[in-house]
Amino acid sequence: MFRKTFFAATAAAALFGSSAYAQDMNIVDTAKEAGTFETLLAAAQAAGLAETLSGDGPFTVFAPTDEAFAALPEGTVDTLLLPENKDQLTAILTYHVIPGKVMSSDLSDNMAATTVQGSDVMIDLDNGVMVQDATVTSADIEASNGVIHVIDKVIMPQM
C-alpha cells in the first residue's frame, strides 16, 4: 500500500509540480499546466463549464486524460463537441464532478457519491481506487478551488 501511495504521489508531483504551486491555481489552470487534459478542457469549454470549474468551488473532478478520451469509439469526441450535442456533453462532464472537496482519505469502499449531473458514481477500493469502472491513476491533486483525481477512462452516466 505504501509503495502504491508513494508512486501515485511521485506521478502527481511530476504531472503537476509542487503541491504549493498547484494550490495557487484553480482546477482548469492546474489541468492546463499538466498538459494531458487538452480534450477534457476543450470539452469543458464547449459545454460552457470551464468558467464554472475556474470559479470558487470547491469541486472534486475525476479527470480523464487525453488517452482516456482517445480510447472512446472513433468519432465520439467529435460528435459530442458539436453544438447540437451540448446537453449530452454537459451531462457526461458533470458526471465527472462532485460538489465539495473530496480527498482520497474521505473515500470508503462501496461508497456512492452524487455527481453534479445528479446520478451517483460508485467508489470501489478493493483493487486500488476505482470510480465506476475507471481507475484513479493519480489522486489528491489540490487546486485553489478543489481537487483533481486523474482517471484512466471516461465514465458515462445512464442516459
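User: How much space is in the second largest pocket?
Analyst: About 200 Å³ of space lies in the second largest pocket of this predicted model. A pocket here is an open set of points on a 1 Å grid over the protein atoms alone, with protein on both sides within 12 Å along at least five of seven lines, where a 1.4 Å probe fits, and lining residues have an atom within 4 Å of a point. Grid points are joined across faces, edges and corners, and the volume is the space filled by probe spheres set on the points.

User: Which residues are closest to its centre?
Analyst: The second largest pocket is lined by 17 residues, and the closest to its centre are Ala 44, Leu 49, Leu 53, Val 61 and Val 97.

User: And which helices and strands each supply at least two residues of the lining?
Analyst: H3, helix H4 (38-47), helix H5 (50-53), S1 and helix H8 (86-94) each do that for the second largest pocket. The names follow DSSP runs numbered from the N terminus: helices are H or I with at least four residues, strands are E with at least two.

User: What are the ground rules for the numbers?
Analyst: Residues are numbered from 1 along each chain as its sequence is written. The model is predicted, so local features need pLDDT of at least 70 and side-chain atom pairs count only at pLDDT 80 or more, while totals for chains, interfaces and linings use all residues; side-chain values use heavy atoms, with hydrogens and water left out.

User: OK, what's the average pLDDT of the chain?
Analyst: The average is 88, and 86% of the residues score at least 70. That score is the predictor's confidence in each residue, from 0 to 100.

User: Where is confidence lowest, and where is it highest?
Analyst: Helix H1 (residues 2-16) is lowest with a mean of 38, while strand S1 (residues 59-64) is highest at 98. The pLDDT is below 50 over residues 1-21, a stretch with 15 contacts in the model beyond near neighbours in sequence. Contact means heavy atoms within 4.5 Å.

User: Switching to Ile 27. Buried or exposed?
Analyst: Ile 27 counts as buried because its relative accessibility is 4%. The cut-offs are under 20% relative accessible area for buried, over 50% for exposed and partly exposed in between, with a 1.4 Å probe and protein chains only. You'll find Ile 27 in helix H3 (residues 27-34).

User: What is Ile 27 in contact with?
Analyst: Leaving aside neighbours within four places in sequence, the contacts of Ile 27 include Leu 53, Phe 59, Val 61 and Ala 143. Ala 143 is 116 residues away along the chain, yet its C-alpha atom is separated from that of Ile 27 by 5.5 Å. Leu 53 and Val 61 also came up among the residues closest to the centre of the second largest pocket.

User: What about Asn 26, where does that lie?
Analyst: Asn 26 lies in the loop between helix H2 (19-22) and H3. At 12% relative accessibility, Asn 26 counts as buried too.

User: Which backbone nitrogens lie by its side chain?
Analyst: A polar atom of the Asn 26 side chain lies 3.0 Å from the backbone nitrogen of Val 28, and there is a 2.8 Å distance from a polar atom of that side chain to the backbone nitrogen of Asp 29. Polar contacts are pairs of N or O atoms within 3.5 Å; within protein, one must be able to donate a hydrogen and the other to accept it, and residues adjacent in sequence count only if both atoms are side-chain atoms. Not counting residues up to four places away in sequence, Asn 26 touches Leu 53, Ser 54, Ala 143, Ser 144 and Asn 145.

User: Which residues other than glycine have a positive phi?
Analyst: Asn 110 is one, with phi near 60°. Asn 110 sits in the loop between strand S2 (97-99) and S3, and counts as exposed because its relative accessibility is 56%. Asp 140 is another, also with phi near 60°; its place is in strand S6 (residues 134-143).

User: How do S3 and S4 pair?
Analyst: Strand S3 (residues 111-114) and strand S4 (residues 120-124) pair in the antiparallel sense over 4 bridges; pairing takes at least two DSSP bridges between two strands. Ala 112 stands opposite Met 122 in S4. The hairpin has 5 residues between the strands, and Gly 118 there takes a positive phi near 115°.
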